[in-house]
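User: Hi! I am new to reading protein structures. Could you walk me through this one, feature by feature?

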Amino acid sequence: MSGKRPGSKGYDNQRARLRKDLENSGTANDAGADELANEILQEQADRQGVLRTERGLGPKGER
């Protein structure tokens, strides 16, 4: 899942597919499937924070 951040279209698509799989397998009910899918994706990403490179800060990043 590298490169996909929470809130991005790719992340939302992946979460929706995972949620559907969880609902169909009976692992989670309809209400909890979205939360469970989000937790699973967050654990996979093992995000502590998004580090920005010097280029990602833009032309005024040094200020």
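Analyst: Gladly! Let's begin with a group of charged side chains: Asp12, Arg15, Arg19 and Asp34 are linked in a network of salt bridges. Keep in mind that this is a predicted model.

User: What is the idea behind such a pairing, and how many salt bridges does the whole structure have?

Analyst: The general idea is that side chains of opposite charge can pair when their charged atoms come close. Searching the whole structure turns up 3 salt bridges.

User: Let's take them one by one. Which residue forms a salt bridge with Asp12?

Analyst: That is Arg15, and the closest N and O atoms of the pair are 3.3 Å apart. Both residues sit in helix H1, 3 residues apart, which is about one turn of the helix. Asp12 is partly exposed, its relative accessible area being 29%.

User: And which side chain meets Arg15 in a salt bridge at 3.0 Å?

Analyst: The side chain of Asp34, with that distance taken from N to O. Asp34 belongs to helix H2 and Arg15 to helix H1, so this pair ties together parts that are 19 residues apart in sequence. The contact between the two side chains also counts as a polar contact, at 3.0 Å. Asp34 is partly exposed, with a relative accessible area of 29%.

User: Where does Arg19 come in?

Analyst: The side chain of Arg19 meets that of Asp34 in a salt bridge, at 3.2 Å from N to O. This pair links distant parts of the chain, with Asp34 in helix H2 and Arg19 in helix H1, 15 residues apart. Arg19 is partly exposed as well, with a relative accessible area of 27%.

User: What else does Arg15 touch, if I leave out residues up to four places away in sequence?

Analyst: On that count, Arg15 touches Asp34, Ala37, Asn38 and Leu41.

User: Which residues of H1 are buried?

Analyst: To read burial, look at relative accessible area: under 20% is called buried and over 50% exposed. In H1 the buried residues are Tyr11, Arg15 and Leu22. They cover an arc of only 30° around the axis, which puts them on the same side of H1. What they pack against is helix H2, residues 30–45.

User: And which residues are exposed on the other side of H1?

Analyst: There you find Lys9, Arg17, Lys20 and Asn24 exposed.

User: What happens just after H1?

Analyst: Look at the backbone there: Gly26 takes a positive phi of about 85°.

User: Let's step back. How many helices and strands does the protein have?

Analyst: The secondary structure comes to 2 helices and 0 strands. Of the 63 residues in the protein, buried ones make up 11%.

How values were computed. Residues are numbered from 1 along each chain as its sequence is written. This is a predicted model: local features need pLDDT of at least 70, side-chain atom pairs count only at pLDDT 80 or more; totals for chains, interfaces and linings use all residues. Side-chain values use heavy atoms; hydrogens and water are left out. Buried means under 20% relative accessible area, exposed over 50%, partly exposed in between (1.4 Å probe, protein chains only). Helices (H or I, at least four residues) and strands (E, at least two) are DSSP runs, numbered from the N terminus. The arc is that of the directions from the helix axis to the C-beta atoms. Contact means heavy atoms within 4.5 Å. A polar contact is a pair of N or O atoms within 3.5 Å; within protein, one must be able to donate a hydrogen and the other to accept it, and residues adjacent in sequence count only if both atoms are side-chain atoms. A salt bridge is a side-chain nitrogen of Lys or Arg within 4 Å of a carboxyl oxygen of Asp or Glu.
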